[in-house]
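This briefing is for a reader meeting the structure for the first time. Please look over the sequence and the model before going on to the points.

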Amino acid sequence: KATLEINESKGMIDLYLSDSNTNKQIADAKVMATVKLPNGGKIEKELMGMKMGEAVSYMNTFDMSKAGEYIFGVTVESGKNTAKFKFRHIVK
């Protein structure tokens, strides 16, 4: 499972990953995000894993100063497994 938290004012995204069968958090993944911007452009960045207390978050900054729709395509590689997630966020 993947949960994406977005802080527009800081331009920060945090991705939290857990195994859908065991609900155990995933702390050893390689995570890449491709973001489609409101103007049609794309940005690709690696989301770096950081431990914050007991939680592990994969994060990076993105400029979300323009109003419109942002589509986050996220690829997660952990061990021999690869998963893809898509998130949509609208900035007003």
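Two strands count as paired if DSSP finds at least two bridges between them. Strands β6 and β7 form a hairpin, and two residues lie between them. The model is predicted.

**The β6 and β7 hairpin**
- Strand β6 covers residues 68-78 and strand β7 covers residues 81-91, and the two pair in the antiparallel sense over 11 bridges.
- V76 stands opposite A83 in β7.
- In the turn of this hairpin, G79 has a positive phi of about 65 degrees.

- Strand β4 (residues 42-52) pairs with β5 in the antiparallel sense, over five bridges.
- M52 has A55 in β5 as its bridge partner.
- β4 and β5 also form a hairpin with two residues between them, where G53 in the turn has a positive phi of about 70 degrees.
- Strand β5 (residues 55-61) is joined to strand β2 (residues 12-17) as well, by four bridges, and these two strands run antiparallel.
- D14 stands opposite M59 in β5.

**V35 in strand β3**
- V35 is found in strand β3, which covers residues 30-36.
- β3 pairs with strand β6 in the antiparallel sense over seven bridges.
- Within β6, the residue opposite V35 is F72.
- Is V35 buried or exposed? V35 counts as buried because its relative accessibility is 0%, and buried means under 20%.
- Leaving aside neighbours within four places in sequence, the contacts of V35 are G41, K42, I43, F62, Y70, I71 and F72.
- V35 and L15 are 20 residues apart along the chain, and their C-alpha atoms are separated by 14 Å.

**L47 in strand β4**
- L47 lies in strand β4.
- L47 has 2% relative accessibility and so counts as buried.
- Apart from neighbours within four places in sequence, L47 is in contact with I13, L15, V31, A33, Y58, M59, N60 and F62.
- Between L47 and M32, 15 residues apart in sequence, the C-alpha to C-alpha distance is 5.8 Å.

**The loop between β2 and β3**
- S18 is placed in the loop between β2 and β3.
- With a relative accessible area of 14%, S18 is buried.
- Leaving aside neighbours within four places in sequence, S18 is in contact with K1, N23, K24, Q25 and I26.
- N23, one of these contacts of S18, is also in the loop between β2 and β3.
- N23 is exposed, with a relative accessible area of 51%.
- N23 is not a glycine, although it has a positive phi of about 65 degrees.

**The salt bridge**
- How many salt bridges does the structure hold? The structure holds one salt bridge.
- E69 and R88 form a salt bridge in which the closest N and O atoms are 2.2 Å apart.
- This pair links distant parts of the chain, with E69 in strand β6 and R88 in strand β7, 19 residues apart.
- Side chains of opposite charge can pair when their charged atoms come close.
- E69 is partly exposed, with a relative accessible area of 33%.
- R88 counts as exposed because its relative accessibility is 59%, and exposed means over 50%.

**The largest pocket**
- The largest pocket holds about 260 Å³ of space.
- Which elements give two or more residues to the lining of the largest pocket? They are β6 and β7.
- β7 gives the largest share of this lining, four residues.
- The lining of the largest pocket is made up of 14 residues, and S18, D19, I26, S78 and N81 are the ones nearest its centre.
- By class, four residues of the lining are nonpolar, six are polar and four are charged.

Definitions and conventions
Residues are numbered from 1 along each chain as its sequence is written. This is a predicted model: local features need pLDDT of at least 70, side-chain atom pairs count only at pLDDT 80 or more; totals for chains, interfaces and linings use all residues. Side-chain values use heavy atoms; hydrogens and water are left out. Buried means under 20% relative accessible area, exposed over 50%, partly exposed in between (1.4 Å probe, protein chains only). Contact means heavy atoms within 4.5 Å. A salt bridge is a side-chain nitrogen of Lys or Arg within 4 Å of a carboxyl oxygen of Asp or Glu. On a 1 Å grid over the protein atoms alone, a cavity is a set of points where a 1.4 Å probe fits but cannot get out, and a pocket is an open set with protein on both sides within 12 Å along at least five of seven lines; lining residues have an atom within 4 Å of a point. Grid points are joined across faces, edges and corners, and a volume is the space filled by probe spheres set on the points. Ala, Val, Leu, Ile, Met, Phe, Trp, Tyr, Cys and Pro count as nonpolar, Asp, Glu, Lys and Arg as charged, and the others, Gly among them, as polar.
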